Amino acid sequence: MNISFFLKPKIEVSYLYDDCPVRRALEDLMRSGFTAIPVVSRQGKYIGTITEGDFLRLLLHCSPDRLDRMTAGQVERRVKHRSVFIDARMEDMVDLVAVQNFVPVADGRGMFCGIITRRDVINWLRGSRVK
């Protein structure tokens with residue numbers, strides 16, 4: 001089954017721009033209530049996913065004055081969260097959500113479209129077994 005039916009569109013998703021200052025990005029992440037959040041360029045391309053742990057490592061190893069000059073796109077991300085293209089199938093999501101809370105979705109140009117959540121994949125799996 002195609003993932004587009006389960007896609008949580010970009011307009012409904014919390015995300016950060018890669019040029020967002022680190023302090024603001026951290027505040028936005030905390031306000032969102034999530035532990036990880038997608039990072040996109042101003043043009044809309046998916047850059048990666050940044051986590052609380054990435055920010056914590058940055059805060060522990062970076063001077064305060066350097067923090068003021070850094071952006072979310074410059075933060076080193078320990079884990080490379082995999083993304084998929086919009087034509088992926090739900091069957092392809094199972095292995096990804098085993099290690100990621102959500103899977104970022106991009107179109108053929110790499111433009112961020114939204115996410116597929118772990119919850120949606122689990123509910124889809126539960127429903128496919130019932131039938």
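This is a predicted model: local features need pLDDT of at least 70, side-chain atom pairs count only at pLDDT 80 or more; totals for chains, interfaces and linings use all residues.
Trainee: How much accessible surface does the protein have, and what share of that surface belongs to carbon and sulfur atoms?

Mentor: The accessible surface comes to about 8,100 Å², and 53% of that area belongs to carbon and sulfur atoms. Residues are numbered from 1 along each chain as its sequence is written, and side-chain values use heavy atoms, with hydrogens and water left out.

Trainee: How many helices and strands does the protein have, and what is their order?

Mentor: There are five helices and seven strands. Read from the N terminus, the elements follow the order β-β-α-β-β-α-α-β-α-β-β-α. Helices (H or I, at least four residues) and strands (E, at least two) are DSSP runs, numbered from the N terminus.

Trainee: Why is the protein called as compact as a globular protein of that length?

Mentor: The radius of gyration is 16 Å, close to the 14 Å that the globule rule gives for 131 residues, so the protein is as compact as a globular protein of that length. The radius is taken over C-alpha atoms, and the rule is 2.2 Å times the number of residues to the power 0.38. Along its principal axes, the C-alpha trace spans about 60 × 25 × 20 Å.

Trainee: Why is Q100 called buried?

Mentor: Buried means under 20% relative accessible area, exposed means over 50%, and partly exposed lies in between (1.4 Å probe, protein chains only). Q100 has 4% relative accessibility, and therefore counts as buried. Q100 lies in the loop between helix 4 (93-97) and strand 6 (102-106). Leaving out residues up to four places away in sequence, Q100 touches H81, R82 and R118, where contact means heavy atoms within 4.5 Å.

Trainee: What makes R57 partly exposed?

Mentor: The relative accessibility of R57 is 32%, so this residue counts as partly exposed. R57 belongs to helix 2. Beyond its neighbours within four places in sequence, R57 is in contact with T51 and R78.

Trainee: How do you know that F112 is buried?

Mentor: F112 has a relative accessible area of 5%, and is therefore buried. F112 is found in strand 7 (residues 112-117). Not counting residues up to four places away in sequence, F112 touches several residues, among them K10, Y15, P38, Y46 and V105. F112 and I47 are 65 residues apart in sequence and 8.7 Å apart in space, C-alpha to C-alpha.

Trainee: What makes a set of residues a nonpolar core, and which residues have the most contacts inside the largest one?

Mentor: A nonpolar core is a set of buried Ala, Val, Leu, Ile, Met, Phe, Trp, Tyr and Cys residues joined through side-chain atoms within 4.5 Å. The largest has 16 residues, and those with the most contacts inside this core are L16, V22, A25, I50, F55, L58 and V75. Helix 1 (22-32), strand 3 (36-40) and helix 2 (52-61) each supply at least two of its residues. The largest share, four residues, comes from helix 1. A second, separate core of 14 residues includes A88, V97, V103 and V105.

Trainee: Which residues does F55 touch, not counting residues up to four places away in sequence?

Mentor: F55 touches L16, V22, A25, L26, L29, I50 and V75.

How values were computed:
Accessible areas come from the Shrake-Rupley method with a 1.4 Å probe; for residues, only the protein chains shown count as cover.
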